[in-house]
Amino acid sequence: MMNIAVMGYGTVGSGVVEVLERNRGVISQRADGDIYVKYVLDLRDFPGDAIQERIVHDFEIVVNDPEIGIVVETMGGIEPAYTFVKRSLLAGKNVVTSNKALVAKHGAELLAIAAEKHINFLFEASVGGGIPILRPLQTSLTADVVEEIGGILNGTTNYMLTKMFYEGADYDEVLKEAQAKGYAERNPEADVEGYDTCRKIAILCSLVLGKQVDFEDIFTEGITKISKEDMMYAKEAGMTIKLLASAKRNGDKMCAMVSPVLMKKTHPLYSVNDVFNAIFVRGNMLGDAMFYGSGAGKLPTASAVVADVIEAAKHPSDSMMGMWTAEKALLQPVDGVSRQFFVRMRGDADEKKAALEAAFGEICVLRASGLTGEFGIITGKMTEGTYKKQAETFPEIIQMIRVED
Ligand code: HSE
């Protein structure tokens, strides 16, 4: 039998306990023995919940109990999660976490400790919720050089943008619904400002490059400025708006960014809706692969956490996860990336057409029915740097959204 401790009895932590109980039979079979939750560490009490008798408030009980072989961290945030995870690893305990902020910031150090101790630091649930992506990258796509990786990595914003697209709903209204459904992070800024997506693409890039990709280096723009009106233009153009994470290789470097994009109907990510996530991988030998599924929520995320617990229970004295080193990977600046841009501006399209064509090449004019005194254009293909320079000469611009090929 393997005794484990779960730190944090919130949405994911309580999901972990539920998955372990509901699927006890198959889990015991696959883990070569029972997995027993000996402690749940939380500041709160849960009177009336059967878990209460296993609740402890003191981390020292967990870290000093030699019977605990695996510690599950589902607290979120950096502190005290970082201190507790590091101390657990140093005490020789396998650690499983769903905490992308922790992995993105301290992954290299924690992986190095796990490797030195011949134990596991596993974090499948930190990217793509219930979708297996980190282990496939580590164990299946090993013959390839990954040329491109990215996709829709945040369930909350995808749910919100889907509602805005199909129901013409307002941003504030859909954010409240996403929070009520338990998709959003503790701090909604992490979702809507793109910080959560940024940390997830940083983890994917670090794995692909084998070096530390600092999330602070990734250009990140969220969806807070995306309006119902933007969505009207997207619809008129036969497109939708998605929050896209993308990382493309150029030699031994990658260019990574997170931003809302206009996406055509023919794009493979166009129909990834609601809370679903999809991760797109392009290998130099494999070609394209997509990993699609439930990207957030209690049970899907807990399913990935428990799968890691099973892995650690089967291999308690091996490091199953490859690693990335603390060496910093250098990213290419986004200013050199070429693409088209959707631009909304005040005024009359016919009057400005010549000046716009001189600045942005061959443009396509868009109008959204019901919106007066403004219009939209899609520019020709140009680098982000050139676009920014040209846009400075048009103070009437009210919005710019990148267009994905
Ligand atoms: N808030 C995150 C999301 C949870 O919406 O995707 C899963 O990481």
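Beyond its neighbours within four places in sequence, Phe 121 is in contact (heavy atoms within 4.5 Å) with Val 85, Leu 89, Val 95, Thr 97, Val 103, Leu 110, Leu 111, Ala 114 and Met 321. Please note that this is a predicted model, where local features need pLDDT of at least 70 and side-chain atom pairs count only at pLDDT 80 or more, while totals for chains, interfaces and linings use all residues. Residues are numbered from 1 along each chain as its sequence is written, and side-chain values use heavy atoms, leaving out hydrogens and water.

**Nonpolar cores**
- A nonpolar core is a set of buried (under 20% relative accessible area, 1.4 Å probe, protein chains only) Ala, Val, Leu, Ile, Met, Phe, Trp, Tyr and Cys residues joined through side-chain atoms within 4.5 Å.
- Phe 121 joins Ile 4, Ile 35 and Leu 204 as the residues with the most contacts inside the largest core, which has 120 residues.
- Helix H10 (residues 195-209; helices are DSSP runs of H or I, at least four residues) gives the most to this core, with nine residues.
- A second, separate core of 15 residues includes Val 343, Phe 360, Met 382 and Tyr 387.

**Domains**
- An automatic or database domain assignment divides the chain into domain 1 (2-130 + 298-326), domain 2 (142-294) and domain 3 (335-404).
- Domain 1 and domain 3 have C-alpha centres 49 Å apart.

Conventions:
Buried means under 20% relative accessible area, exposed over 50%, partly exposed in between (1.4 Å probe, protein chains only). Helices (H or I, at least four residues) and strands (E, at least two) are DSSP runs, numbered from the N terminus.
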